[in-house]
Amino acid sequence: MTDNALSLLANRLEIIELTAKYAHRLDTRQIDLLMELWSDESPVFDEEDFGLGKATGKDEIRRHFEVDIYGQMENLCHLTTNHVINEISGSTASGTCTVFAQGDVRAGGTSRATAYYRDQYVHENGVWKFSSRKVIPLTRPKVGNFQFPDEAETADRVATP
């Protein structure tokens with residue numbers, strides 16, 4: 001195997017490991033370690049398709065997890081699979097992976113969703129990080145008594161997580 005092929009394989013494995021760390025750190029509420037997975041250059045986390053808005057920058061992303069997610073979810077479990085790394089070009093890459101997410105809503109009920117992440121990655125300080133992560137639903141989610149940030153906007157929606 002050539003050095004280039006080994007490097008490509010190593011990068012792919014590091015990116016897949018990044019997505020696994022994301023799920024584990026999110027589910028175990030390791031917020032400081034979770035935030036280390038995001039680029040320092042204005043990363044974006046987009047859950048607009050689920051009615052949860054878009055957060056830009058590490059401070060907004062952190063707030064989203066602490067308030068919108070941890071504030072309402074008692075327990076979380078994200079199972080991530082079907083990784084496809086579309087392109088690695090220098091210090092950037094793109095890819096997708098599928099997620100099954102389930103959790104216990106503090107106000108009652110269970111939240112359950114299947115989706116895929118459309119990711120953009122950047123290699124910073126020797127490690128791969130998320131520069132952008134968009135969550136795209138695959139099936140209609142079940143949300144229990146989850147309260148959305150803007151109830152007026154979501155009142156007309158059939159179901160969102």
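**Hairpins, helices and charged pairs**

Me: In the hairpin of β3 and β4, which residue takes a positive phi?

Reply: This hairpin has 2 residues between its strands. Before going on, note that this is a predicted model, where local features need pLDDT of at least 70, side-chain atom pairs count only at pLDDT 80 or more, and totals for chains, interfaces and linings use all residues. Residues are numbered from 1 along each chain as its sequence is written, and side-chain values use heavy atoms, with hydrogens and water left out. The residue with a positive phi, near 65°, is G90.

Me: Over how many bridges do β3 and β4 pair?

Reply: Strands (E, at least two residues) and helices (H or I, at least four) are DSSP runs, numbered from the N terminus. Two strands count as paired if DSSP finds at least two bridges between them. In this pairing T81 stands opposite T98 in β4. β3 and β4 (residues 92-105) run in the antiparallel sense, and their bridges number 13.

Me: Which residue in β5 is the bridge partner of T96?

Reply: β4 and β5 pair in the antiparallel sense over 13 bridges. They form a hairpin with 4 residues between them, and G108 in the turn has a positive phi of about 120°. Across from T96, the partner in β5 is R118.

Me: How many salt bridges does the structure hold?

Reply: Side chains of opposite charge can pair when their charged atoms come close. Here a salt bridge is a side-chain nitrogen of Lys or Arg within 4 Å of a carboxyl oxygen of Asp or Glu. D32, R62 and E66 are even linked in a network of such bridges. For the structure, the total is 8.

Me: How many residues apart are K58 and D40?

Reply: The side chains of K58 and D40 meet in a salt bridge of 2.7 Å, N to O. The pair links distant parts of the chain: K58 belongs to helix α3 (residues 58-69), while D40 lies in the loop between α2 (31-35) and β1 (44-46), and their separation in residues is 18.

Me: Is R133 buried or exposed?

Reply: R133 forms a salt bridge with D119, with the closest N and O atoms 2.7 Å apart. R133 is in strand β6 (residues 127-137) and D119 in strand β5 (residues 110-124), 14 residues apart. Buried means under 20% relative accessible area, exposed over 50%, and partly exposed in between (1.4 Å probe, protein chains only). Like D119, R133 is buried.

Me: What is the relative accessible area of E124?

Reply: K129 forms a salt bridge with E124, and their closest N and O atoms are 3.9 Å apart. K129, at 10% relative accessibility, counts as buried. E124 is buried too, with a relative accessible area of 12%.

Me: Within what arc do the buried residues of α3 fall?

Reply: In α3, I61, H64, F65, D68 and I69 are buried. Seen down the axis, they line one face of the helix because they fall within a limited arc, which is that of the directions from the helix axis to the C-beta atoms. They pack against α1, α2, β1, β2 and β3, where contact means heavy atoms within 4.5 Å.

Me: How far does α1 reach from its first C-alpha to its last?

Reply: The expected span of a helix is 1.5 Å times one less than its number of residues. α1 has 25 residues, and 36 Å is expected. Close to that expectation, α1 reaches 36 Å.
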